[in-house]
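Subject: Structure handover

Hi,

Here is the structure I promised to pass on.

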Amino acid sequence: MLPSTGCRPVTGGGPVRDEVRRPPDSGVSGLTGPQVFSPGQLALLQGAGVPQTWRRGDTLLRQGETADRAILLTGGMVKIVSESVGGYTSLLAFRGPGELVGELACIDGGVRSASVVALQDGCGTAMAGGRFTALLRANGDLGLAVLRSISTRLRHADVQRKALGAEPAAVRVARLLVELADRYGTKTPNWAPSARSVRITQHELSGAVGTSRESVVRTLRKLQSEELVATRRGSIVVLDPAGLAAWEPDRP
């Protein structure tokens, strides 16, 4: 079952599956997360593709492949990962409902520079690369919105690179949890109304902030002792987003 994403369960084999019908509750009015596109633009994107569903751990798009499609996410989080020649895997970013993945390679015609892997069971709309780029050419406002989203991601990547050398690992962990809770977090029962649960493992968190898993574990223990977060299997609950945003690791 896919209770947290609003997507229908997947049946049959294969990692990413075309669906005859649109998954319920994945319409443009039900999207959460970053408001990248207007409702009308989301409708254009969804109308240009085929609804699909996937399971946690499935690879939606694979590094090195020729760009044949872009996907509009409508349910569930994914991670963007890149593998080096030596086998090291870098976690580059997270994406969620209302965001595109795979659009860069469709636009520039190159091979994919990273893979997209599902962090949760999810759903989306897959658009053939040619149809996606034709849609952008025919709709200037949509093309500008896609360009704006790419620009925002590049700026965010610049901020992350600066933080890697300027901020302690503990601060980077806290800041990322605040960001993920704000963008993709879900309300959880038995916690305060402001609490948000984020589906992420400690290993994924360490890869995202560029530190060791041991460092992440130490930071989470300190944050738990200050009642700012709670850890669950496969997820972290941000109990006090405002307090976590203001947190400093060396305060008494």
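What does the accessible surface of the chain come to, and what percentage of it belongs to carbon and sulfur atoms? The total is about 12700 Å², with 53% on those atoms (Shrake-Rupley method, 1.4 Å probe; for residues, only the protein chains shown count as cover).

Before the rest, a word on the source. This is a predicted model, in which local features need pLDDT of at least 70 and side-chain atom pairs count only at pLDDT 80 or more, while totals for chains, interfaces and linings use all residues. Residues are numbered from 1 along each chain as its sequence is written, and side-chain values use heavy atoms, with hydrogens and water left out.

The chain has 252 residues, 46% of them buried (buried is under 20% relative accessible area, exposed is over 50%, partly exposed is in between; 1.4 Å probe, protein chains only). It holds 8 helices and 12 strands (DSSP runs numbered from the N terminus: H or I of at least four residues for helices, E of at least two for strands). Of the contacts between residues at least 6 apart in sequence, 71% join residues at least 24 apart (a contact is heavy atoms within 4.5 Å).

Now to the largest nonpolar core, which has 28 residues (buried Ala, Val, Leu, Ile, Met, Phe, Trp, Tyr and Cys joined through side-chain atoms within 4.5 Å). Phe-94, Leu-177, Leu-205 and Leu-244 touch the most other members. Two or more residues come from each of β6 (89-95), α5 (169-184), α6, α7 (213-225) and β12, and α5 gives the most, with 9. Helix α6 (residues 202-209) buries Glu-204, Leu-205, Ser-206 and Val-209, and Gly-210, which follows α6, has a positive phi near 75 degrees.

Strand β12 (residues 235-238) also belongs to an open sheet of 3 strands, ordered β10-β12-β11 with antiparallel pairing (two strands pair if DSSP finds at least two bridges between them). β10 (196-198) and β11 (229-232) are the edge strands, each pairing on one side only. 4 bridges join β11 to β12, and Thr-231 stands opposite Ile-236 in β12.

Last, helix α3 (residues 129-138). Its buried residues are Gly-129, Phe-132, Thr-133, Leu-135 and Leu-136. They lie on the same side of α3 because they cover an arc of only 155 degrees around the axis (taken from the directions from the helix axis to the C-beta atoms). Gly-130, Arg-137 and Ala-138 are exposed on the other side.

Best wishes
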